[in-house]
Amino acid sequence: MEIFGYTFADESLLEEALTTPAYRMDVPDARDNQRLEFLGDAVLGLLSAERLYAEFPSEQEGQLTVRRTHMVSSAALCDVAARFDLAARLRRNHGAAELPRNAKTLADAVEAIIGAAYLDGGFAAAKQIFEALELNANAAESEWSSNPKGELQVRAQAMKPPRHPVYELLNTAGKAHEPIFTVRVMVDGMGSATASARTHKQAEALAAAALLSR
């Protein structure tokens with residue numbers, strides 16, 4: 001079986017990588033791809049770090065971290081999944097709705113396939129898939145515009161002594177199906193900022209952006 005330009009010697013590894021947790025609703029004994037996703041995430045992190053270390057020899061850790069965040073983000077992996085029509089090959093539960101383009105399930109599957117390739121053919125096999133994914137273009141983005149929480153984390157850790165942002169949920173309002181979350185972020189020596197949004201995660205990101213803008 002072949003995927004992303006790589007042919008698996010052990011086809012059961014690819015089958016497991018393509019098996020979503022939801023598939024177990026129909027086949028409880030099936031092995032889903034979460035363990036492989038865990039492994040693949042680590043392998044992808046190493047591959048991307050190695051590439052960026054070589055391509056940007058003058059950049060420091062913080063800048064390289066920014067580039068890697070863009071390079072292997074969930075959005076970037078979902079774009080890969082769309083380019084290779086990965087959704088059509090996933091094993092999902094019977095009657096499952098069509099996956100949205102930005103579904104985490106797709107990003108997880110890409111990482112699981114990398115993990116499976118690593119087990120099947122070692123680092124060289126994982127690297128072959130990494131090259132086929134063509135994630136390099138995303139590394140050109142060296143700004144944190146899409147990840148204010150990441151930028152705030154890096155800036156706080158660069159302080160002396162290093163600091164860590166602390167997020168606090170202040171309030172949850174609105175209807176049960178349309179909640180509004182209000183979050184405050186604080187960094188010792190930088191101050192605090194508050195923001196509200198329809199998801200907890202978005203509220204945290206907006207609060208981080210607000211603090212950065214100050």
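Visitor: How do α2 and α3 lie to each other?
Guide: In this predicted model, where local features need pLDDT of at least 70, side-chain atom pairs count only at pLDDT 80 or more and totals for chains, interfaces and linings use all residues, α2 and helix α3 (residues 61-71) pack at about 130 degrees with axes 10 Å apart. Axes are lines fitted to C-alpha atoms, for helices over the stretch in contact, and angles run from 0 to 180 degrees between N-to-C directions. Angles under 35 degrees count as roughly parallel, over 145 as roughly antiparallel, 65 to 115 as roughly perpendicular and the rest as oblique. The two helices, α2 and α3, are therefore oblique.

Visitor: Is the crossing of α2 and α3 left-handed or right-handed?
Guide: A crossing is left-handed if the near helix is turned anticlockwise from the far one by less than a right angle, and right-handed if clockwise. The way α2 passes α3 is right-handed.

Visitor: At roughly what angle do the axes of α2 and α5 cross?
Guide: Helix α2 covers residues 34-55 and helix α5 residues 104-133. α2 passes α5 in a left-handed crossing. Their axes come within 7 Å, and the angle is roughly 60 degrees.

Visitor: How many nonpolar residues does the contact of α2 with α5 have?
Guide: Ala, Val, Leu, Ile, Met, Phe, Trp, Tyr, Cys and Pro count as nonpolar, Asp, Glu, Lys and Arg as charged, and the others, Gly among them, as polar. Beside four polar and eight charged residues, the nonpolar count in this contact is 14.

Visitor: What pattern does the chain follow along the sequence?
Guide: Helices (H or I, at least four residues) and strands (E, at least two) are DSSP runs, numbered from the N terminus, while residues are numbered from 1 along each chain as its sequence is written and side-chain values use heavy atoms, leaving out hydrogens and water. The chain has seven helices and five strands. Read in order, they give β-β-α-α-α-α-α-α-β-β-β-α.

Visitor: Which residue meets Asp79 in a salt bridge?
Guide: A salt bridge is a side-chain nitrogen of Lys or Arg within 4 Å of a carboxyl oxygen of Asp or Glu, and the structure holds 14. Asp79 lies in helix α4 (residues 74-83) and its partner in the loop between α4 and α5, so the pair ties together parts 22 residues apart in sequence. At 3.2 Å, N to O, that partner is Arg101.

Visitor: Where is Asp85 found?
Guide: Asp85 is not a glycine, yet its phi is positive, about 50 degrees. Its place is the loop between α4 and α5.

Visitor: Which residue does a cis peptide bond join to Lys160?
Guide: Omega of this bond is about -5 degrees.
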